[in-house]
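Please open the model in your viewer and keep the selection tool at hand. The tour goes from one selection to the next.

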Amino acid sequence: MSRSFTPVRVGRYTLPNRLVMAPMTRSRAKLDGTPGELAAEYYAQRASVGLIVTEGTQPSDDGQGYLATPGIYTPAHIAGWKKVTAAVHDRGGRIFIQIMHAGRMSHPDNTPHHRQAVAPSAIAPGAQMFTAAGMKDIPAPRALTSKEVRRTVADFRLAARAAIDAGADGIELHGANSYLIQQFFAPSANARGDEYGGSIANRARFAIEVVSAVAGEIGADRTAIRLSPGLAMNGIDEGVEGPDLYRYLVAELGKLGLAYLHILHAGDEKLAGDIRALWTQALIVNRPGRPRDQIGADVASGLADLEAYGQMVLANPDFVARVKAAAPMNEADRTSFFGGATRGYTDYPALEAATTA
């Protein structure tokens, strides 16, 4: 546990501790994609963690999947995020904006242009999504042309520049959880016959091109990526070659000198160990549902340099202080995760307030 509170180098920054706020969709942005009025307060409250990774933020109209998620590709978005990053920096924190293109995990009702979603191939995920009219089946997407794939790479690059212009310390590319980058990895979502489909190298190509483009734009030491090896959700099946794809991908990304790699651990301990052996930069591990008494275990074992936490940080703005003091944690209110105002967002009490109330 004590190693969790020691400094660690991540890209160009030295962080004061090894606890990370995981990216969590909160669906409280304005309809134009500008962060909501309370976003600055929400993130600043949690600035004592070593690193904040924001909610997924779309790089384009095509990249939006869900209602009320923020963007990072217009002047209004930049202005909105400037308030967030300034508030975090005023509290001494560091913040990376996560850039997330939903790909086929989208519905026309949820996007500004109301167009059919785009993806590696025209294969529906076989899932439903919440819209303003309630739950609806996600329709089949339109397959990106090779030219459009390259344009999407450019969208990520321009969004990364916008994030830095907004004051972010860096960006994390969302290559996990069934969204666009992971869709290219999975044969269940990628049936392409061009240079982006088929072989392991081809299915990893889009991710490598996106990371390389972003690193070239803002610097590798401000660029990171999140992966979820073996996570099967929303119709994603990476097949028998999945572990080898990640070994190949991590080795290739390791050549770029990125700030960090963020792994959502889906249970394959051998693959996690292989990734640790391949990756020489900072490695963040997120184990969903990790019990309180296991905080710090992956750092202590050497599997991770940092550990990311979601719901516990969401419900405890003073998460670091509570971990240090072995103090009780607030319970997260699941009914307020998505949408709404202050309840379940900025009104969780800090330990000092809770004990004096």
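Which residues does Asp 305 touch, not counting residues up to four places away in sequence? Select Asp 305 and show its surroundings: the contacts are Val 8, Arg 18, Arg 276, Gln 281, Ala 282, Leu 283 and Val 299. Bear in mind that this is a predicted model.

Asp 305 sits in the loop between α8 (297–301) and β14 (306–309). Its relative accessibility is 18%, so Asp 305 counts as buried, the cut-off being under 20%.

Next, select helix α7 (residues 269–278) together with helix α6 (residues 242–253). Their axes lie 9 Å apart, and the packing angle is about 15°. That makes α6 roughly parallel to α7, and their crossing is right-handed. From α6, colour Pro 243, Arg 247, Val 250 and Ala 251; from α7, colour Lys 270, Leu 271, Asp 274, Ile 275 and Leu 278. These residues make the contact, which by class has six nonpolar, no polar and three charged residues.

On the α5 side the contact is made by Ile 200, Ala 201, Arg 203, Ala 204, Ala 207, Ile 208 and Val 211. On the α6 side, select Asp 244, Leu 245, Tyr 248, Leu 249, Glu 252 and Leu 253. By class, the contact of α5 with α6 has ten nonpolar, no polar and three charged residues.

How values were computed:
Residues are numbered from 1 along each chain as its sequence is written. This is a predicted model: local features need pLDDT of at least 70, side-chain atom pairs count only at pLDDT 80 or more; totals for chains, interfaces and linings use all residues. Side-chain values use heavy atoms; hydrogens and water are left out. Axes are lines fitted to C-alpha atoms, for helices over the stretch in contact, and angles run from 0 to 180 degrees between N-to-C directions. Helices (H or I, at least four residues) and strands (E, at least two) are DSSP runs, numbered from the N terminus. Angles under 35 degrees count as roughly parallel, over 145 as roughly antiparallel, 65 to 115 as roughly perpendicular and the rest as oblique. A crossing is left-handed if the near helix is turned anticlockwise from the far one by less than a right angle, and right-handed if clockwise. Contact means heavy atoms within 4.5 Å. Ala, Val, Leu, Ile, Met, Phe, Trp, Tyr, Cys and Pro count as nonpolar, Asp, Glu, Lys and Arg as charged, and the others, Gly among them, as polar. Buried means under 20% relative accessible area, exposed over 50%, partly exposed in between (1.4 Å probe, protein chains only).
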